[in-house]
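Subject: Structure handover

Hi,

Here is the structure for you to open on your side. My notes on what turned up follow below it.

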Amino acid sequence: MILRSLTMAASLAGGLAASQFPAFSQQYAQRLGGAVDELSQVVADFDASARAAGLTREEALRDLAGSTFRDRRQQDMRRTFRRHARLSAVRAELAEASALDRLTLVPKAADRDIADAAWAEFRPSVPLTWDGLLFAAAGFFGLLAMLRLTGAAIGMSRGAARRTRGRRVQ
């Protein structure tokens, strides 16, 4: 009876934990959107300055050379352009992704800084969406099945050990 109660409590905890993923992935997507918006402004400002000087982006980047500071600034801007492109692509993928697709997409494509910031601010919530309920059910039944399989395996190994001991005694 106690084992059954513990299994149920653990399964409920698993369901509650899993139900939080849709909310976390939404918070991650919101932070990602904010980062892309800010980077878009930096990129647009750089491109506007380049156009005002009669240069393309690449020409303007090459023009940022010749001193330690300018070389570093050129590297910073190239890194900014790459990050903007990468985050914009992830944002587009997330916008099209279902909750189940996000389950594999968020960990694979996550930007560590954005994920850490989202996690630091994340507060668990009651899942009132179908996605949240689906994840809650999956977490509950998944953990319940895992606990039952583990319990069955332990029971079988104990039974085998008893049978082996019984044979030795005879």
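Which residues does Gln74 touch, not counting residues up to four places away in sequence? They are Leu61, Arg62 and Leu64, where contact means heavy atoms within 4.5 Å. Gln74 has its place in helix H4; helices here are DSSP runs (H or I, at least four residues), numbered from the N terminus. At 16% relative accessibility, Gln74 counts as buried, a label that means under 20% relative accessible area, with exposed being over 50% and partly exposed in between (1.4 Å probe, protein chains only).

Before you go further, some ground rules. This is a predicted model, in which local features need pLDDT of at least 70 and side-chain atom pairs count only at pLDDT 80 or more, while totals for chains, interfaces and linings use all residues. Residues are numbered from 1 along each chain as its sequence is written, and side-chain values use heavy atoms, with hydrogens and water left out.

Now the cores. The largest nonpolar core has 17 residues; such a core is a set of buried Ala, Val, Leu, Ile, Met, Phe, Trp, Tyr and Cys residues joined through side-chain atoms within 4.5 Å. Tyr28, Leu32, Leu87, Leu94 and Ile114 have the most contacts inside it. H2, H4 (68-96), H5 (99-109) and H6 each supply at least two residues of this core, and H2 gives the most, with 6 residues. Apart from this core lies another, of 8 residues, among them Phe46, Leu64, Met77 and Phe81.

Leaving aside neighbours within four places in sequence, Leu32 is in contact with Leu87, Val90, Arg91, Leu94 and Ile114. Ile114 lies in helix H6 and, at 7% relative accessibility, counts as buried.

On to how the helices pack. The axes of H2 (residues 21-52) and H6 (residues 112-121) come within 9 Å and cross at roughly 125°. Axes are lines fitted to C-alpha atoms, for helices over the stretch in contact, and angles run from 0 to 180 degrees between N-to-C directions. H2 and H6 are therefore oblique to each other: under 35 degrees counts as roughly parallel, over 145 as roughly antiparallel, 65 to 115 as roughly perpendicular and the rest as oblique. The contact is made by Phe24, Gln27, Tyr28, Arg31, Leu32 and Ala35 of H2 and Ile114, Ala115, Ala117, Ala118, Trp119 and Glu121 of H6. These residues divide into 9 nonpolar, 1 polar and 2 charged (Ala, Val, Leu, Ile, Met, Phe, Trp, Tyr, Cys and Pro count as nonpolar, Asp, Glu, Lys and Arg as charged, and the others, Gly among them, as polar).

H2 also packs with H5, at an angle of about 55° and with axes 10 Å apart, which makes H2 oblique to H5. Phe21, Ser25, Gln26, Tyr28 and Ala29 of H2 meet Ala99, Arg102, Leu103, Val106 and Ala109 of H5.

Last pair: the axes of H4 and H5 come within 10 Å and cross at roughly 170°, so the two helices are roughly antiparallel to each other. Val90, Glu93 and Leu94 of H4 make this contact with Arg102, Leu105, Val106 and Ala109 of H5.

Cheers
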